[in-house]
Amino acid sequence: MTTERIVRIVAGFFILLSLSLGVEGSPLFQNVNWLWFTAFVGANLFQSGFTQFCPLEMILKKLGIKETCR
């Protein structure tokens with residue numbers, strides 16, 4: 001698996017988890033403040049699309065995960 005796919009999987013998981021913890025209709029609801037985490041993940045994805053700066057991707061590269069399929 002490449003760093004890009006892992007970043008997408010982790011971001012998607014964090015968004016779904018924080019939504020399930022922050023939306024009152026969810027059976028896992030804890031507190032509405034979890035929606036701030038959802039906003040943070042979304043903002044980080046948005047800025048990384050423009051700047052190519054992604055902390056998770058940098059960590060994965062240091063762990064030796066390959067960047068591309070080649």
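I will go through the helices, the salt bridges, the pocket, one loop and a surface patch.

First, the ground rules. This is a predicted model, in which local features need pLDDT of at least 70 and side-chain atom pairs count only at pLDDT 80 or more, while totals for chains, interfaces and linings use all residues. Residues are numbered from 1 along each chain as its sequence is written, and side-chain values use heavy atoms, with hydrogens and water left out.

The helices I will name are α1, residues 3-22, and α2, residues 34-51, along with α3, residues 55-62. Helices here are DSSP runs of H or I with at least four residues, strands are runs of E with at least two, and both are numbered from the N terminus.

Now the salt bridges. How many does the structure hold? There are two, a salt bridge being a side-chain nitrogen of Lys or Arg within 4 Å of a carboxyl oxygen of Asp or Glu. One joins Glu 4 to Arg 8, with the closest N and O atoms 2.7 Å apart. These two residues are separated by about one helical turn, because they sit four residues apart in helix α1. For exposure, buried means under 20% relative accessible area, exposed means over 50%, and partly exposed is in between, with a 1.4 Å probe and protein chains only. Arg 8 is exposed at 58%, and Glu 4 is partly exposed at 43%. In the other bridge, Glu 67 meets Lys 61 at 3.5 Å, N to O. Glu 67 has 48% relative accessible area, so it counts as partly exposed; Lys 61, at 38%, is partly exposed too.

The residues of both bridges come back in the lining of the largest pocket, which includes Glu 4, Arg 8, Lys 61 and Glu 67. Also in that lining are Val 7, Leu 45, Ser 48, Gly 49, Gln 52, Phe 53, Cys 54 and Glu 57. α1, α2 and α3 each supply at least two of the lining residues. The volume is about 270 Å³, meaning the space filled by probe spheres set on grid points that are joined across faces, edges and corners. A pocket here is an open set of points on a 1 Å grid over the protein atoms alone, where a 1.4 Å probe fits, with protein on both sides within 12 Å along at least five of seven lines; lining residues have an atom within 4 Å of a point.

One of those lining residues, Gln 52, is worth a stop. It lies in the loop between α2 and α3 and has a positive phi of about 65 degrees, although it is not a glycine. Most residues other than glycine have a negative phi. Gln 52 is exposed, at 64% relative accessibility.

Next, the loop between α1 and α2, where Ser 26 is found. Is Ser 26 buried or exposed? It counts as buried, because its relative accessibility is 17%. Its side chain reaches the backbone oxygen of Ser 20 at 2.7 Å and the backbone nitrogen of Leu 28 at 3.1 Å.

Another serine, Ser 18, lies in helix α1 and is buried, with a relative accessible area of 1%.

Last, the surface. Phe 13, Phe 14, Leu 17, Trp 34, Phe 37 and Phe 40 make a nonpolar patch of about 570 Å². α1 and α2 each supply at least two of its residues. Trp 34, in helix α2, is partly exposed at 36%. Patches are made of residues with over 30% relative accessible area and no salt bridge, with like charges joined within 9 Å and nonpolar side chains (Val, Leu, Ile, Met, Phe, Trp, Tyr) within 5 Å. Accessible areas come from the Shrake-Rupley method with a 1.4 Å probe, and for residues only the protein chains shown count as cover.

Key
Polar contact = N/O pair within 3.5 Å; in protein donor to acceptor, adjacent residues only side chain to side chain.
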